[in-house]
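Me: I have a structure open and would like to go through it piece by piece. Can we start with the overall layout and then look at single residues?

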Amino acid sequence: MEDQTVPKPERALQALGAAFLLAVLNQYLFYGKMPGVSYPIFVCLFYVFVLYFAKDKLRKPAVVSYVWLGAIVLLSLTYALFANWLFFGLNLLVIPALILLHMTYMLSYKLPSWNGPLMIGAAAEHLFAQSLRHWGTAPRIIRRMFGGGSCRMNGSKW
């Protein structure tokens, strides 16, 4: 049986490649265009990406997680179904915040309660501290891919 805690180089390269493709798709769908059908498409693809590459780190889904995901999908569908400028602006602010909170709830090692005040702190940590901590990860993976020496990821050598 394989150890799931040790990161594998090929899995990191797959995740990096998929993230790059998702970024290219984001540019194609949104750059210079108004969100419409592209918004729910991108939200769904983003969730497929996260749920596939972080499946070993996910908390066991509860009813509240499914409700949260349903709210995010339904709100993103409003871009494709309606043309109300008030809700367009509100959803532009609310949907990314809901996605951040949902990802924090599902992926945080602290396992915050969905209705507790610690959820906001955990979300801020995910947004700021963990994002900044992993800026060097992509260059290390690329350097490793082209034979630039050993890499350290999460404290383990691979």
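**Overall layout**

Reply: The protein has six helices and two strands, where helices (H or I, at least four residues) and strands (E, at least two) are DSSP runs numbered from the N terminus. From the N terminus on, the order of elements is α-α-α-α-α-α-β-β. This is a predicted model, in which local features need pLDDT of at least 70, side-chain atom pairs count only at pLDDT 80 or more, and totals for chains, interfaces and linings use all residues. Residues are numbered from 1 along each chain as its sequence is written, and side-chain values use heavy atoms, with hydrogens and water left out.

Me: What is the mean pLDDT of the protein?

Reply: The mean is 78, and 77% of the residues reach 70 or more; pLDDT is the predictor's confidence in each residue, from 0 to 100.

Me: And where is confidence lowest and highest?

Reply: Strand S2 (residues 156-157) is lowest at a mean of 48, and H2 is highest at 91.

Me: How much of the protein counts as buried?

Reply: 30% of the 158 residues do. Buried means under 20% relative accessible area, exposed over 50%, and partly exposed in between (1.4 Å probe, protein chains only).

Me: Which residues have the most contacts inside the largest nonpolar core?

Reply: They are Tyr39, Val43, Tyr47, Ile72, Ile95 and Ile99, in a core of 19 residues. A nonpolar core here is a set of buried Ala, Val, Leu, Ile, Met, Phe, Trp, Tyr and Cys residues joined through side-chain atoms within 4.5 Å.

Me: Which helices supply at least two residues each?

Reply: Helix H1 (9-30), helix H2 (38-53), H3 and helix H4 (85-107) do. H4 gives the largest share of this core, seven residues.

Me: Take Tyr47. What is it in contact with?

Reply: Leaving aside neighbours within four places in sequence, Tyr47 contacts Leu69, Ile72, Ile99, His102 and Met103. Contact means heavy atoms within 4.5 Å.

Me: Now the serines. Is Ser76 buried or exposed?

Reply: Ser76 is found in helix H3 and counts as buried because its relative accessible area is 0%. Not counting residues up to four places away in sequence, Ser76 touches Tyr39, Pro40, Val43 and Ile95.

Me: And Ser65, buried or exposed?

Reply: Ser65 lies in helix H3 (residues 63-81) and is buried, because its relative accessibility is 4%. With residues up to four places away in sequence not counted, Ser65 touches His102, Tyr105 and Met106.

Me: Where does Lys60 lie?

Reply: Lys60 is in the loop between H2 and H3. Lys60 is exposed, with a relative accessible area of 72%.

Me: What does Leu45 touch?

Reply: Leu45, found in helix H2, touches Leu22 and Leu25, not counting residues up to four places away in sequence. At 37% relative accessible area, Leu45 is partly exposed.

Me: Last topic, the surface. Which residues form the nonpolar patch?

Reply: Leu86, Phe87, Leu90, Leu93 and Val94 form it, with about 490 Å² of accessible area together. Areas come from the Shrake-Rupley method with a 1.4 Å probe, and for residues only the protein chains shown count as cover.

How values were computed:
Patches are made of residues with over 30% relative accessible area and no salt bridge: like charges are joined within 9 Å, nonpolar side chains (Val, Leu, Ile, Met, Phe, Trp, Tyr) within 5 Å. A salt bridge is a side-chain nitrogen of Lys or Arg within 4 Å of a carboxyl oxygen of Asp or Glu.
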